[in-house]
Amino acid sequence: MVVNLRKNCLVLLPIFAALLLEAAIRFLSYQQPDATTYLAVHGQLLIEMLPFFVCHYLASTRPGRGALLIWLGGFIGYPLLSNILAHTIPAYGQWRLLEIQGVVFAMVASVLWFIHHFYGRVKQGPRSWIAHLLSLDFMVALSLFLWAFTMAGVFLYTDNPMVNQPLQMIIDFALITEKLPLFMHYFWQFSLMALVLFGVYWFNRYVLIRRLLAVHGLIPFLAGGLIFILLFSTPISALLLLMPLNNVTDFTLLPSENHNPFDPFNSQMTFWLLMFSTPIILAFERKSQDARVADIARRQTRTELQMLQQQVNPHFLFNTLNNLYALCLERSPQAPDMVEKLAGLLRYTVYQGQKEQVSLVDDVRYLQDYLALQSMRYTDDCHFQCTWPTQAERWQLSPLLLIIVLENAFKHGIEKASKPCELKLALTLDNNRLVFECKNPIGQSAQTPVNEDNSGLGLENLRRRLNLQYANCHELISEQRGNHWYTRLQMELAPC
């Protein structure tokens, strides 16, 4: 229950952030810093944005077209309906706080969450457009672009914004359309400031952190940062002073708020930008490094699993061909049936055996066909007592795991045991837990988990694959009990 609550909170977190951002902008625009107004603005916007929370959550819990319809109904249909009600019911129009700005905030937050969710579910390559979209560089650039756009809209809303301070934090999209040239006049200047901020971030990440800190250590990193602050702040401040907005009054948009590019506060601002961005960059660098290491480990694991699965094929083939050879020597009429069975088993091994997961019912059928082949050879010499699971079609597992136990029972037990003998095999399901038990007679030489030819096949192969694919989700017991060898495999299966 705690896990589900935490997951639901994470799903709603972007919409809550959009709510707080819109509420902060609305509260600052009133210029009434009192607790009553603060709570009233947040409470009313929470009520008005509640459909966004509901539709975002419902869309996140449903697949495909249903999720899209719910999302469109919440983020497109609800604002349209609200506008209609505002024009038809004057009281509602006067009460309503949520405007297009808040709707855009909520919509962008929801879309970014779904992109993040999609990226987490689908394995992407390092050059994927989604990987670039969710990279730190893009997020910083997008944040700075939104900041420049927001500040340009706020400046547009106030006449002579450099003189009439403080500003009202309001963006009027209709006014932007009406006075687009003036908006662009403000926008390019704030974009230039955003470019400077991005340059500080970029230099910190790709020069100071990657070239100095990561390669040469802390002291060169600190020295490089100090040199950057002292050489960068003054010329950039002088460049920014050339912007038209900084030539209206004595007040400027520089950190020092004056016309002195040598003011120490400009250098202090660069220092604080480096201090603020460094831990964020280091956190993302660590995450990227962990992701690369995990990807390399997954690739190595997949390669090893493919090699282990390929080892099963010749081992099974040699055993079955020996059985077929014996029947051919005896001129048995069962030889054609055995060839047909063998072709089916090899077909499964070649095509299904290369998959990561197969249905349990298919793997059970593979075991049954294998036993049918063996029964053609041993006829009355060996009795098979088998129990098969029900509802096996609901679960999936890695292919060619169970057959290793069965092959081991024949190669090291039944083939060398005195006849007649008996093989007991039981597969049972308890919810998602599969229990596979095999009891076979011991041959003349004591049976061991490792094949006698030390080729790496048999139960050692099985143990390695289980450790790779079902770590902490399985239990394997293989031991001698009296005159029999007992193997018990218990593992957790994934649903189909």
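## A walk along the chain

The chain carries 16 helices and eight strands (DSSP runs numbered from the N terminus, H or I of at least four residues for helices and E of at least two for strands). What you have open is a predicted model, where local features need pLDDT of at least 70 and side-chain atom pairs count only at pLDDT 80 or more, while totals for chains, interfaces and linings use all residues. Residues are numbered from 1 along each chain as its sequence is written, and side-chain values use heavy atoms, with hydrogens and water left out.

Start with everything on screen. Of the 496 residues, 40% count as buried (under 20% relative accessible area; exposed is over 50% and partly exposed lies in between, with a 1.4 Å probe and protein chains only). Taking contacts in the chain with a separation of 6 or more, 69% come from residues 24 or more positions apart (contact means heavy atoms within 4.5 Å).

**Stop 1: F27 and Y38**

Now for the rings. The structure holds 22 aromatic pairs (rings of Phe, Tyr and Trp, the last by its six-membered ring, with centres within 6.5 Å; planes under 30 degrees apart are stacked, over 60 edge-to-face and the rest tilted). Select F27 and Y38: this pair is edge-to-face, 5.3 Å centre to centre with 90° between the planes. F27 sits in helix α1 (residues 2-30) and Y38 in helix α2 (residues 35-48), 11 residues apart, and the pair links distant parts of the chain. Check the surface too: F27 is buried, with a relative accessible area of 14%, while Y38 is partly exposed at 39%.

**Stop 2: F52, F75 and the helices around them**

Next, pick F52 and F75. Their ring centres are 5.0 Å apart and their planes lie at 10°, so this pair is stacked. F52 belongs to helix α3 (residues 50-60) and F75 to helix α4 (residues 64-88), 23 residues apart. F52 is buried at 0% relative accessibility, and F75 is buried at 1%.

Stay here and show α3 and α4 whole. Their axes come within 8 Å and cross at roughly 165° (axes are lines fitted to C-alpha atoms, for helices over the stretch in contact, and angles run from 0 to 180 degrees between N-to-C directions). That makes α3 roughly antiparallel to α4 (over 145 degrees; under 35 is roughly parallel, 65 to 115 roughly perpendicular and the rest oblique). The crossing is left-handed (the near helix is turned anticlockwise from the far one by less than a right angle; clockwise is right-handed). To see the contact, select P51, F52, C55, H56, L58 and A59 of α3 with A67, I70, W71, G74, F75, Y78 and P79 of α4. By class, these residues divide into 11 nonpolar, two polar and no charged (Ala, Val, Leu, Ile, Met, Phe, Trp, Tyr, Cys and Pro are nonpolar, Asp, Glu, Lys and Arg charged, and the others, Gly among them, polar).

**Stop 3: a cluster of Phe rings**

Select F145, F149, F173, F183 and F187, which ring pairs link into a cluster.

**Stop 4: α10 against α11**

Move on to helix α10 (residues 180-216) and helix α11 (residues 218-240), whose axes come within 10 Å and cross at roughly 165°. That makes α10 roughly antiparallel to α11, and α10 passes α11 in a right-handed crossing. The contact has 16 nonpolar, four polar and no charged residues.

**Stop 5: loops**

Go to E257, in the loop between α11 and α12 (264-329). Phi of E257 is near 65°, a positive value in a residue other than glycine, and E257 is partly exposed at 45% relative accessible area.

Then find P420, in the loop between α15 (402-412) and β4 (421-430). The peptide bond from K419 to P420 is cis, with omega near 0°.

Step along to N431, in the loop between β4 and β5 (433-441). N431 has a positive phi of about 60°, although it is not a glycine, and counts as exposed at 62% relative accessibility.

Finish at A471, in the loop between α16 (459-469) and β6 (474-481). A471 is partly exposed, with a relative accessible area of 42%. Draw a C-alpha to C-alpha distance from A471 to M491: the two are 9.7 Å apart in space and 20 residues apart in sequence.
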